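Here is a friendly walk through one structure, feature by feature. Have the sequence and the 3D view open as you read.

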Amino acid sequence: MSREKVLERLRASEGCVSGQTLSEELGLSRAAVWKAVESLRRDGYGIEARTRAGYRLVSVPDALTESEIRSHLGETRTVGRTLCCFPELDSTNNYAKALAQKGAPDGTAVIADRQTSGRGRMNRSFQSPKGKGIYLSVLLRPVLSPEHLPLVTALAGVALCDAVEKVCGARPGLKWPNDPVLNGRKLCGILTEASLEAETGRLQSLVVGIGVNVLQTPEDFSPEVASMATSLLQATGQAVSRPRLAAALLEALDRMYADLERDSLSQWRAAYRRDCVNLGKAVQMIPFDGGPRETAEAVDVDEDFSLIVRLPDGSRKTIRSGEVSVRGLWGYAE
Ligand code: BTN
């Protein structure tokens, strides 16, 4: 598309590029160049026009478009090689699962600026307002037995911490099993969904869905989640570029996926143990079936990222994700 060609040429140039040069280099008429510039301006690109000097790109929009994300994205092996970006979807996980059925390539990433039915764990909804967060799902086809699936969600949590740290300097913690938190509040939600072959129980595909709160202010959260949730803007004061963070997240997920396939996870396990805000602290365990709450000390995570706790009588217990919800003694995380 001529619009994309003009944008890429302006991105590549520090100074002004004349209309004549754009037209000659890109094989477009002067009118087509002008139309492309006007269309880009309508989408929020700041393009200065100087008499006799030409056009200069002075600002870019905070848009989750393929062009903006790719302008920050380095070379990846698998994740993000195919990118599908949308202004709105019901749920990026739903879309990625449909793509999986149609044979989409390993590592395909689906990103939306808004979700109308964003889903969380236990069928909860995930608030996904327009222009505020990153709603991203990655389709993976790992060779992995289904009992090891919690591993992927935990590793995705570490990847998210890496990406946030790279872009804004602050490293989130992880509330077990996989909620990235900042200042004791939830920054991000991760929902991994698997498709299994019924006859053999073999894993066919996996969709790792990640929702990051980036630019929300307190009023953007509904009253039910407002006291537990935060955004990067709220927690750090930084209005982080969403396409830049999305690119950093795709790169981190690509490294994670390569290491998962090579079974080279020792660094990831070590990072998880460092990031987990619960280890060495007291936790409340809240059974999903409404049973009585227990208090224990979180002492470790095992190879599959199950939580090992020490009960008040000194005995140890291993808790799998999905059995109980864990809260800190004083608040959501700690
Ligand atoms: C949770 O905290 O319960 C998990 C929330 C996961 C939300 C993300 S947003 C992108 C992807 N699409 C969805 O519908 N859900 C996940």
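Predicted model: local features only at pLDDT ≥ 70, side-chain atom pairs only at ≥ 80, totals over all residues.

## Helix H1 and its cover

Helix H1 spans residues 2–12, and its buried residues are Arg3, Val6, Leu7 and Leu10. Seen down the axis of H1, they fall within an arc of 100°, so these residues too line one face of their helix.

## A five-stranded open sheet

Next comes an open sheet of five strands with mixed pairing, in the order E3-E4-E5-E10-E9. Strand E3 (83–86) and strand E9 (188–196) are at the edges with a single partner strand each, so one side of each has no neighbour in the sheet. From one strand to the next, the twist averages 15°.

Within this sheet, strand E5 (residues 133–140) and strand E10 (residues 203–213) run antiparallel and are joined by eight bridges. Which residue stands opposite Leu206 in E10? That residue is Leu140. Helix H6 (residues 149–168) packs on the sheet and touches E9 and E10, with its direction at about 35° to that of E10.

## Backbone features to look at

As background, most residues other than glycine have a negative phi, and most peptide bonds are trans. With that in mind, three spots in this model deserve a look.

The peptide bond from Trp176 to Pro177 is cis, with omega near 5°. Pro177 sits in the loop between strand E6 (173–175) and strand E7 (179–182).

Asp263 is not a glycine, yet its phi is positive, at about 50°. Asp263 belongs to the loop between helix H9 (242–261) and helix H10 (266–275). Phe305, also not a glycine, has a positive phi of about 65°, and Phe305 is in the loop between strand E12 (294–301) and strand E13 (307–310). Are these two residues buried or exposed? Asp263 is exposed, with a relative accessible area of 63%, whereas Phe305 is buried, with a relative accessible area of 4%.

## Around the ligand

How many residues surround the ligand? There are 18, and the closest are Ser91, Gln115, Arg119, Arg121 and Lys186.

Let us take a few of these contacts in turn. The side chain of Ser91 has an N or O atom 2.8 Å from an oxygen atom of the ligand. For Gln115, an N or O atom of the side chain is 2.9 Å from a nitrogen atom of the ligand. Arg121 takes part through its backbone: one of its polar backbone atoms is 2.7 Å from an oxygen atom of the ligand.

Notes
Residues numbered from 1 in each chain as written. Heavy atoms only, no water. Pairing = 2+ DSSP bridges. Helix = DSSP H or I, 4+ residues; strand = E, 2+ residues; numbered from the N terminus. Axes fitted to C-alpha atoms, helices over the stretch in contact; angles between N-to-C directions. Contact = heavy atoms within 4.5 Å. Buried < 20%, exposed > 50% of the residue type's maximum accessible area, 1.4 Å probe, protein only. Arc of directions from axis to C-beta. Near = heavy atom within 4 Å. Polar contact = N/O pair within 3.5 Å; in protein donor to acceptor, adjacent residues only side chain to side chain.
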